[in-house]
Amino acid sequence: MLIIMVKCKKSVQQVTAPGALVMQRFLGPNKCELVQVHLLTLAKWGPQGFEMMPKLASLPPVEPEVKLIGNIHGNEVVGREMLIYLAQYLCAEYLLGNPRIQRLINTTRIHLLPSMNPDGYEVAAAEGAGYNGWTSGRQNAQNLDLNRNFPDLTSEYYRLASVRGTRTDHIPIPEHYWWGKVAPETKAIMKWMRTAPFVLSASLHGGDLVVSYPFDFSKHPLEMKMFSPTPDEKMFKLLARAYADVHPMMMDRSEGRCGGNFLKQGSIINGADWYSFTGGMSDFNYLHSNCFEITVELGCVKFPPEEALYGLWLNNKESLLSFVEMVHRGIKGVVMDRFGKPVKNARILVKGIRHDVTTAPDGDYWRLLPPGSHIVIAQAPGYSKVMKRVTIPLRMRKAGRVDFILQPLGTGHKKLSHELQRTAPASRDPLGGAGLRDQPPQLDLEPLGARRQPSAGGSKPWWWSYFTSLSPHRPRWLLKY
Ligand SMILES: [Zn+2]
């Protein structure tokens with residue numbers, strides 16, 4: 001299912017479409033091509049496999065992209081439901097004029113994939129809530145655990161990190177990975193990651209109550225529990241806290257509760273410090289792309305009964321919103337040459353953080369950064385470096401704009417161009433080419449403001465009963481014009 005929210009010149013319209021063609025048909029007669037388009041995409045596996053909307057790529061790149069993925073383990077179903085509710089909530093509140101939601105949607109591209117593993121879900125759902133065991137339906141139809149099926153770049157990272165001066169970001173997928181079993185779901189996610197320059201992501205799981213962040217694979221391969229931070233440890237902690245600190249159950253001080261063993265750490269933990277595993281999706285996001293992904297365990301019951309869903313939604317609503325808003329923490333901008341031509345694949349380095357992000361084909365970048373002063377450097381082959389000092393305040397609602405204009409150098413910079421080639425997809429890469437950004441973003445600095453408090457909600461929203469009605473013909477989706 002594809003849900004699209006289109007902002008035309010004066011009106012906001014929503015359309016539910018089974019595919020990209022319908023969207024094109026909708027956009028054509030409504031003359032929405034030249035105005036800002038905001039969308040929520042919901043993807044689902046169909047008989048032809050996983051289909052994301054290909055036209056998404058050609059829309060104006062004015063906003064940072066966030067993805068939320070549920071149900072990677074088919075029997076962990078809460079994330080799947082939460083993302084459907086979130087899509088409904090965002091659409092409904094947008095139309096009601098909720099300023100926070102309007103602002104969020106007007107400044108952010110939000111991609112929702114409620115189920116990454118629908119085949120596993122079918123197995124778990126056949127057993128039903130209350131009967132589903134701990135592992136039945138966890139894997140996909142090929143019996144592969146999708147969160148162990150991504151390329152292990154973390155081992156390669158540890159090797160590279162021990163060599164001084166080596167780049168440890170945008171690590172290519174090793175060719176031997178393709179010799180093994182690669183699930184179509186895994187491959188589809190990797191392809192999807194190539195179609196949009198995601199900045200932030202969350203993978204929603206169940207079975208515990210905690211937020212974990214990379215690395216998931218321990219820096220010592222034999223240590224099953226070992227604190228293994230990324231160079232962006234501070235930022236990842238902030239991202240995890242953005243979720244946990246506004247989650248009433250994660251903040252509950254009683255030790256006997258679900259997830260109570262994480263209470264001392266504030267319900268967040270470094271993945272490898274919890275338990276180490278290889279081939280996870282979050283490590284892959286961080287080491288292969290510009291995207292920072294955290295893992296959220298939504299509760300101890302993997303397949304709760306329907307009656308539990310409303311409480312779960314109330315507990316997670318503010319967390320999901322506050323997490324998505326984190327994509328605006330840090331800096332963003334454009335790297336261009338002295339003629340204003342965008343420089344693609346330029347590196348944005350931050351002193352003291354050995355992890356570069358790169359610019360998209362139109363020279364734009366986003367760099368999540370924790371509060372404080374940072375020295376940021378932009379560099380690209382054939383140009384001189386440009387360095388700037390930025391200060392990130394404690395609170396911000398929109399990333400600070402930092403553009404770079406690079407001056408060309410003379411010849412003789414083969415080392416850099418060699419380095420750049422590494423970021424291009426390998427020739428035999430089955431995922432094919434990357435990238436697609438059409439225009440540089442129109443971004444600007446904005447005054448700081450206090451974070452909105454969640455609306456105190458005692459009564460259920462108008463659309464809730466439609467999801468929970470017992471009728472077999474109940475709609476799975478609801479849009480109110
Ligand atoms: Zn899981």
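What follows is a short chat about the cores, a helix pair and some backbone details of a predicted model.

User: What kind of model is this, and what pLDDT do local features need?
Analyst: It is a predicted model, where local features need pLDDT of at least 70, side-chain atom pairs count only at pLDDT 80 or more, and totals for chains, interfaces and linings use all residues. Residues are numbered from 1 along each chain as its sequence is written, and side-chain values use heavy atoms, with hydrogens and water left out.

User: How many residues are in the largest nonpolar core?
Analyst: That core has 79 residues. A nonpolar core is a set of buried Ala, Val, Leu, Ile, Met, Phe, Trp, Tyr and Cys residues joined through side-chain atoms within 4.5 Å. Buried means under 20% relative accessible area, exposed over 50%, partly exposed in between (1.4 Å probe, protein chains only).

User: Which helix gives the largest share of this core?
Analyst: Helix α2, residues 78-96, with 9 residues. Helices (H or I, at least four residues) and strands (E, at least two) are DSSP runs, numbered from the N terminus.

User: And which residues have the most contacts inside the core?
Analyst: L68 and L239. Leaving aside neighbours within four places in sequence, L68 touches residues including L83, L86, H111 and F323. Contact means heavy atoms within 4.5 Å.

User: How many residues are in the other core?
Analyst: 21 residues, among them V376 and I392. That core lies apart from the largest one.

User: Back to α2. At what angle do α2 and α3 cross?
Analyst: Roughly 110°, with axes that come within 8 Å. Axes are lines fitted to C-alpha atoms, for helices over the stretch in contact, and angles run from 0 to 180 degrees between N-to-C directions. So α2 is roughly perpendicular to α3. Angles of 65 to 115 degrees count as roughly perpendicular.

User: Which residues of α2 make the contact?
Analyst: Y89, L90, E93 and Y94. On α3, the partners are I101, Q102, L104, I105 and N106.

User: New topic. Which peptide bond is cis?
Analyst: The bond from P214 to F215 is cis, with omega near 0°. F215 sits in the loop between β9 (208-213) and α7 (233-244).

User: What is phi at N143?
Analyst: About 65°, a positive value, although N143 is not a glycine. N143 is in the loop between α4 (118-127) and α5 (154-161).

User: Is N143 buried or exposed?
Analyst: N143 counts as exposed because its relative accessibility is 56%.

User: Where is N345?
Analyst: In the loop between β12 (330-337) and β13 (347-350). Phi of N345 is near 60°, also positive. N345 counts as partly exposed, at 22% relative accessibility.

Definitions and conventions: Angles under 35 degrees count as roughly parallel, over 145 as roughly antiparallel, 65 to 115 as roughly perpendicular and the rest as oblique.
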